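Dear colleague,

Please find the structure below, with its sequence. I would be grateful if you would read the notes that follow it with the coordinates open.

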There are 2 protein chains.
Amino acid sequence: MDAATLAKDVIAGNRRALARAITLVESARPDHRAMATELMEHIKDADRQALRTGLSGTPGVGKSTLIESFGMMLIGKGMKVAVLAVDPSSARSGGSILGDKTRMEMLSREKNAFIRPSPSQSELGGVARRTREAVALCEAAGYDIILIETVGVGQSETVVSEMSDLFVLLLAPAGGDELQGVKRGIMEMADMILVNKADGDLLPAAKRTCSDYAGALRLIRKRPQDPEGFPKAMTVSALQEDGLAEAWDDMQALIAWRRENGFFDARRAEQAEYWFGQEIRLGLLGQLEREPLKSTVDDLARQVAQGAMTPTRAAADVLAALKEG
Amino acid sequence: MDAATLAKDVIAGNRRALARAITLVESARPDHRAMATELMEHIKDADRQALRTGLSGTPGVGKSTLIESFGMMLIGKGMKVAVLAVDPSSARSGGSILGDKTRMEMLSREKNAFIRPSPSQSELGGVARRTREAVALCEAAGYDIILIETVGVGQSETVVSEMSDLFVLLLAPAGGDELQGVKRGIMEMADMILVNKADGDLLPAAKRTCSDYAGALRLIRKRPQDPEGFPKAMTVSALQEDGLAEAWDDMQALIAWRRENGFFDARRAEQAEYWFGQEIRLGLLGQLEREPLKSTVDDLARQVAQGAMTPTRAAADVLAALKEG
């Protein structure tokens with residue numbers, strides 16, 4: 001099948017075509033990459049926009065339960081929901097965090113839901129590129145909301161935030177007054193903080209944690225892209241489906257405000273430029289990992305380590321070889 | 001003057017030649033870079049090794065006073081001392097942290113001392129490359145110890161640590177029991193922590209801070225390159241010249257142990273490979289900043305931001321242009 005036909009089938013809403021298209025963009029084979037590049041150009045014709053929502057939370061905060069409940073609620077409203085993941089550790093741990101569809105049992109049976117595990121690559125750059133393209137494919141396929149999940153290891157929040165219109169941080173109720181070691185940089189990315197498990201015994205702790213974070217958010221410099229009251233912290237119970245409708249109302253209000261005030265489009269334009277830069281970097285560095293250059297680089301690295309050659313000269317030789325190659 | 005002659009003069013210990021050589025490696029002009037690459041190869045002939053000592057500390061901890069006292073002590077022992085700096089902020093703030101030689105008034109008047117401010121570049125990568133080459137030049141010029149100072153902004157400690165045999169973290173006495181917000185990553189880089197200002201009123205606080213850090217260091221996983229008792233925390237007073245001789249004894253003991261056990265050479269080999277990788281990265285990304293490619297990149301970035309082109313296609317076009325160019 002050629003890229004144009006595959007694009008047409010994806011845009012027509014054919015799920016199998018979508019799955020196949022994502023497999024194509026996940027491949028590192030040069031001929032696949034060439035076809036993927038063409039596919040992504042055709043996909044632009046769909047001219048559709050989904051709400052791209054990043055969701056970060058450490059294991060145990062209830063991400064799967066939240067996605068299941070929240071996703072089912074949106075499907076109940078007649079929406080189409082896609083769930084993707086960015087998890088560079090999945091390649092190492094030998095299984096994706098989303099590999100097991102029983103994690104979201106109800107959602108995975110819905111015809112209006114599309115769930116896709118993280119590409120199994122060990123490099124965050126590779127995972128990021130593939131996921132970004134999968135987001136664009138789901139968008140073209142007519143999904144209304146795309147949830148991009150990450151476990152929050154190292155730089156993965158930044159990567160997810162750079163492909164999201166909206167970034168949600170999911171937390172569990174904390175004991176005491178500590179702020180769960182959430183890094184300031186991640187707090188600054190968040191448009192909304194949801195404190196999950198606000199049910200049963202944990203309700204008081206959830207409320208206290210929420211109020212701690214609401215306080216912490218007030219200390220963060222106001223961003224131009226935020227209307228009054230954002231970023232915001234609120235409690236939810238994914239298990240009891242409490243607070244999810246309110247969270248959705250707030251998300252919609254936030255996005256509507258950003259659209260009206262030009263921040264939505266401006267952010268997408270910035271993100272496209274960011275990914276352009278990333279693609280160039282990945283492409284350049286990728287050449288060093290492939291033959292014929294790889295052997296040259298390895299050989300020169302040995303000479304540099306032995307002190308037989310300066311790093312500067314060896315690098316100059318690599319750059320010259322790159323030009324000839 | 002050609003690179004071979006300049007190298008010979010540097011190796012002969014000519015200070016003016018050394019200053020000129022460093023100016024050459026700091027230049028970004030392509031013809032200068034070519035000559036610098038050649039110079040660095042000739043410099044290897046000297047086959048000399050200095051003790052490369054990284055020194056990190058935030059403004060106000062007394063770095064200049066320590067370098068002055070410590071440097072004068074070493075000069076008193078008949079050694080030649082070079083002081084370099086890594087400060088990517090110096091370009092922005094309009095002046096180097098080492099620009100004012102009155103900062104180390106006595107040291108700067110010594111014929112056996114060589115003090116050089118940070119290259120004024122705003123990119124850490126550029127500052128790092130230049131400083132690494134300046135370190136090699138000072139080493140070839142016969143300096144026995146090279147102090148590489150950094151104010152510790154962002155990634156600059158990593159960069160300094162990657163060009164040092166020994167990494168020293170300088171701290172001021174802290175009030176109370178907080179650990180001054182020193183990031184764990186920086187603690188893990190340190191071979192020695194010196195708590196300065198252990199004099200007068202601050203002596204008790206300095207001792208307490210030192211003991212807090214000694215405790216924190218014990219919690220860090222033992223590294224193979226450390227003999228018993230390292231990494232180590234101790235108090236010094238740069239002002240009263242207290243503890244400096246002891247610190248120097250410990251530094252020598254540590255380095256002697258690492259040399260005997262192969263860690264010294266292994267680390268230098270690793271570092272050379274690291275800089276080889278960095279040089280390639282800088283070289284590749286540098287091409288994007290220069291014409292004719294720069295205009296192409298800027299033009300494509302505009303199209304990507306406007307949504308007229310996918311990031312993937314635009315990046316592929318840049319990579320193709322790079323190959324042709």
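The notes below cover the conventions, the chain interface, the domains and some local features.

This is a predicted model, in which local features need pLDDT of at least 70 and side-chain atom pairs count only at pLDDT 80 or more, while totals for chains, interfaces and linings use all residues. Residues are numbered from 1 along each chain as its sequence is written, chains are lettered from A and ligands numbered from 1 in the order in which they are written, and side-chain values use heavy atoms, with hydrogens and water left out.

Interface of chain A and chain B

Contact (heavy atoms within 4.5 Å) involves 39 residues of chain A and 40 residues of chain B. Between them the two chains bury about 3400 Å², and carbon and sulfur atoms give 72% of this area. Buried area here is the accessible area (1.4 Å probe) that two parts lose on being put together, summed over both. On the side of chain A, 19% of the area buried against chain B is supplied by A:Phe276, A:Leu284 and A:Thr312, more than by any other three residues.

The rule finds two salt bridges across this interface, a salt bridge being a side-chain nitrogen of Lys or Arg within 4 Å of a carboxyl oxygen of Asp or Glu. B:Arg313 and A:Glu41 form a salt bridge, with their closest N and O atoms 2.8 Å apart. Eight residue pairs, both members at pLDDT 80 or more, are in polar contact between chain A and chain B. A polar contact is a pair of N or O atoms within 3.5 Å; within protein, one must be able to donate a hydrogen and the other to accept it, and residues adjacent in sequence count only if both atoms are side-chain atoms.

The elements that give two or more residues to the side of chain A touching chain B are helices H3 (30-43), H7 (124-140), H12 (263-288), H13 (293-305) and H14 (311-324) of chain A. Helices (H or I, at least four residues) and strands (E, at least two) are DSSP runs, numbered from the N terminus. H12(A) provides the largest share of that side, 13 residues. By class, the side has 22 nonpolar, seven polar and ten charged residues; Ala, Val, Leu, Ile, Met, Phe, Trp, Tyr, Cys and Pro count as nonpolar, Asp, Glu, Lys and Arg as charged, and the others, Gly among them, as polar.

Symmetry

Chain A is superposed on chain B by a rotation of 180° with 0.0 Å of shift along its axis (RMSD 0.1 Å). That is the relation of a two-fold axis. The superposition is by least squares on the C-alpha atoms of residues with pLDDT of at least 70 in both copies. The same surface serves both copies, since 100% of the contact residues of chain A recur in chain B. A:Lys323 is the residue of chain A that comes closest to the rotation axis, its C-alpha lying at 2.9 Å.

Domains of chain A

The domain assignment, which is automatic or from a database, gives domain 1 (1-45), domain 2 (48-261) and domain 3 (288-324) in chain A.

Two salt bridges are counted between domain 1 and domain 2 of chain A. A:Arg33 and A:Glu133 form a salt bridge, with their closest N and O atoms 3.2 Å apart.

Local features

Over all chains the structure holds 41 salt bridges. In one of them, A:Arg129 meets A:Glu279 at 3.0 Å, N to O. A:Arg129 lies in helix H7 of chain A and A:Glu279 in helix H12 of chain A, so the pair ties together parts that are 150 residues apart in sequence.

Two backbone features of chain B may be inspected in turn. B:Phe230 and B:Pro231 are joined by a cis peptide bond, with omega about -10°; B:Pro231 lies in the loop between helix H10 (203-219) and strand E7 (232-235) of chain B. A cis peptide bond also joins B:Glu291 and B:Pro292, with omega about 5°.

Yours sincerely
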